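Hi,

Here is the structure I promised to pass on to you. Have a look at it first, and my notes follow below.

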Amino acid sequence: MSENRETELLAKVPDGLFIGGEWLAADGGRTLKVYDPATGEVVKEIADAAPGDGKAALDAAVDAFPSWSQTPARERAELLRRAFDLLQERKEEFALLMTIEMGKPLAEARGEVGYGGEFLRWFSEETSRIQGRYGANPEGTGRMIVTQHPVGPCFLITPWNFPLAMATRKIAPALAAGCTVVIKPAELTPLTTLYFVKLLEDAGLPKGVVNVFTTSTSGAVSEPIIRDPRLRKLSFTGSTEVGRRLLEQSAQGVLRTSMELGGNAPFIVFEDADLDKAVDGAILAKFRNIGQACTAANRFIVHRSVAEEFARRVTERVEGFRIGRGTEDGVVIGPLIDDRAVAKASALVQDAVSRGATVTTGGSAVDGPGTFYEPTVVTDVRPGSDILREEIFGPVLAIIPFDDEDEAVRVANDTEFGLISYVFTESLSRGQRMIERLETGMMGLNVGVASNAAAPFGGWKSSGLGREGGFEGIHEYLQTKYTLTPNPF
């Protein structure tokens, strides 16, 4: 990959805050540094917002809301469609930018551009399908009119691991519904969102409809926005711990909230599974995005009769993975996002081994520049191991044997989380039972990736509230009004 190409791309990315249709410096001229996790080098300095900047962004969204909420659905749709088309034209730039600031291999970054773009296309098509209903009340004394209305100004907080898709998954339905937004990308990967907002500006975005700030003091800047009575919606993707704090802050204003929080996904392989499919699915479910996904399989619950063969096959596949900077040809495992992520993966593996588990490949941090951890397979993980309770968020595949279906279900459900589960079985009836028995908001049956812009993404239990994507996604940004009129006859 040409160094000049990277330099030219980074020069195109705005380094300011986008408030009221203008790119501005932060209050006091503060800046923060963005790093390449593969090298540890600074790639760009950008504005570091203060609380006053956050208030200015909300002011702009509030001012723009009356006009945008009354903009015809077709015009809102056309803006989103233009943004989709521009994203296809610039897909290589966005893919490279994500690889630079987050570390994922370039091929996976291209996949995220495709996935993220689909939210723009899907919700551009949903703008004109916001419907209500009309009909007589049961007593026949009047007519009921039910209408849907945009909820109001929204605050969107996105994570670092999918910097484009998480932005489009929130911005697109908000704009489709007629809402205005303030978006705060993660401090670790803000460049993709800044460049995407520049794309929206190029697509004809009216002033104040989307505002973005970047900051190194997220709590100090975000809390006043959340507590401001003019804000009507908060959407957050991130850890359950932070989500709980944000819900507490949101309670005072009785905000509409969407929370896509942590996961601890089980990946169940039954004795009748097609092992070729199961291994392929395992590689996708575990090592996509270097394991740094809330949907990543965390606990591989494998029937004892096939556990040894399954472990042998995945170990063989993982041993062939190339580690390196995501821009290099053939790289499968890029860097983890920072030193803390490497330390966490190391600690979880060491704890499992101390309790009797076996590492069949990997198991160590990689020396040299960058924050790399070897892709790892751990077998015979024992009950009580930290790796079974905590979200790994790294390239570590942990295998637990089981003996019967009831045990598999018990182990799979033995977690406070319930975002997604994966099941591999050739039995139709067993697959249907798993749909009924697993405590999960999503499920992949004989597939290792289930996310789709047309599907409702979200979890049960401590994995969150609300849904993103699908028909359900736009309703998170709408509120219902019921009107009774006299009987016209």
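The part I looked at is an open sheet of seven strands, ordered β16-β17-β18-β13-β12-β20-β21, and its pairing is mixed. Please keep in mind that this is a predicted model. The edges of the sheet are β16 and β21 (442–445); each has a single partner strand, so one side of each has no neighbour in the sheet. From one strand to the next, the twist averages 25 degrees.

Further along the order, β12 and β20 (residues 420–424) are paired through three bridges in the parallel sense. Within this pair, Val269 has Phe424 in β20 as its bridge partner.

Two helices are worth a look next. Helix α12 (residues 339–354) packs on the sheet, where it touches β16, β17 and β18. The direction of α12 makes about 25 degrees with that of β17. Helix α11, in turn, lies across β12, β13, β16, β17 and β18, and runs at about 135 degrees to β13.

I also checked the length of α11. This helix has 16 residues (304–319), so at 1.5 Å a residue it should span 22 Å; the C-alpha atoms at its ends are 23 Å apart, which agrees.

Which residues of α11 are buried? They are Val306, Ala307, Phe310, Ala311, Val314, Thr315 and Val318. These buried residues pack against the strands β12 (265–269), β13 (297–303), β16 (358–361), β17 (376–379) and β18 (396–402), and also against α10 (275–287).

Best wishes

Key. Residues are numbered from 1 along each chain as its sequence is written. This is a predicted model: local features need pLDDT of at least 70, side-chain atom pairs count only at pLDDT 80 or more; totals for chains, interfaces and linings use all residues. Side-chain values use heavy atoms; hydrogens and water are left out. Helices (H or I, at least four residues) and strands (E, at least two) are DSSP runs, numbered from the N terminus. The expected span of a helix is 1.5 Å times one less than its number of residues. Buried means under 20% relative accessible area, exposed over 50%, partly exposed in between (1.4 Å probe, protein chains only). Contact means heavy atoms within 4.5 Å. Two strands pair if DSSP finds at least two bridges between them. Axes are lines fitted to C-alpha atoms, for helices over the stretch in contact, and angles run from 0 to 180 degrees between N-to-C directions.
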